[in-house]
Each structure stands twice: as structure tokens, then as C-alpha cells.
Amino acid sequence: NAAIFSASGIFGVDALPAAVSAAAAAMAQRKSDEEVALFAAIFTQLGDSLAMIVALRACEKSGGSEAE
């Protein structure tokens, strides 16, 4: 729900980067460099996949790609 990340939600817009950084620091504690690198790769792929989903939804709403 987008309201979680709004000014009135759990994380204010200004606090979100700090919350993400704190989560990353907590996840990295007592983990090897290899484990942290794996977390980074997993979350990078997750972000890329979410971006693709949003892009596909936008294409569906606009009736498809202009390149067609």
C-alpha cells in the first residue's frame, strides 16, 4: 500500500532512505561478504523485476508500445 510510504504513513518520505539503510546494516551484521553480496544481488533483481512489472502495467494502460 502506497500509504505506508506517504507523509502520514509508517515511514515519512524523508525517513524512508534512513529506514532502508538501517535495514541493510541490520541484515549485514554477522554475515560474510559473500552473503551480503548475495543479498544485494537478490534485492537488485527484485527491484528490477518490480520496475518491469510497473513498466508493463503502464504499457497495458496506454494501449501498448509506441514502437509497434
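**View 1. The surface of the whole protein in this predicted model.** The protein exposes about 5,800 Å², and carbon and sulfur atoms supply 64% of that area. Buried residues make up 0% of the 68 residues in the protein, while its secondary structure comes to two helices and zero strands.

**View 2. Helix H1 and its span.** Helix H1 covers residues 16-28, which gives it 13 residues, and the distance from its first C-alpha to its last is 18 Å, close to the 18 Å expected at 1.5 Å a residue.

**View 3. Arg30, in the loop between H1 and H2.** Just after H1, the backbone at Arg30 takes a positive phi of about 60°, and this positive value occurs in a residue other than glycine. The side of the question that concerns the surface is settled by its accessibility: Arg30 counts as exposed because its relative accessibility is 80%, where exposed means over 50%.

**View 4. The nonpolar surface patch.** A patch of about 630 Å² is made by Met27, Leu38, Ile42, Phe43, Leu46, Leu50 and Ile53, and its largest share, six residues, comes from helix H2, which runs over residues 33-62.

**View 5. Leu46, one of the residues of the nonpolar patch.** Leu46 lies in helix H2, and its relative accessible area is 41%. Leu46 is therefore classed as partly exposed, since that class lies between the buried limit of 20% and the exposed limit of 50%.

Notes. Residues are numbered from 1 along each chain as its sequence is written. This is a predicted model: local features need pLDDT of at least 70, side-chain atom pairs count only at pLDDT 80 or more; totals for chains, interfaces and linings use all residues. Side-chain values use heavy atoms; hydrogens and water are left out. Helices (H or I, at least four residues) and strands (E, at least two) are DSSP runs, numbered from the N terminus. The expected span of a helix is 1.5 Å times one less than its number of residues. Patches are made of residues with over 30% relative accessible area and no salt bridge: like charges are joined within 9 Å, nonpolar side chains (Val, Leu, Ile, Met, Phe, Trp, Tyr) within 5 Å. Accessible areas come from the Shrake-Rupley method with a 1.4 Å probe; for residues, only the protein chains shown count as cover. A salt bridge is a side-chain nitrogen of Lys or Arg within 4 Å of a carboxyl oxygen of Asp or Glu. Buried means under 20% relative accessible area, exposed over 50%, partly exposed in between (1.4 Å probe, protein chains only).
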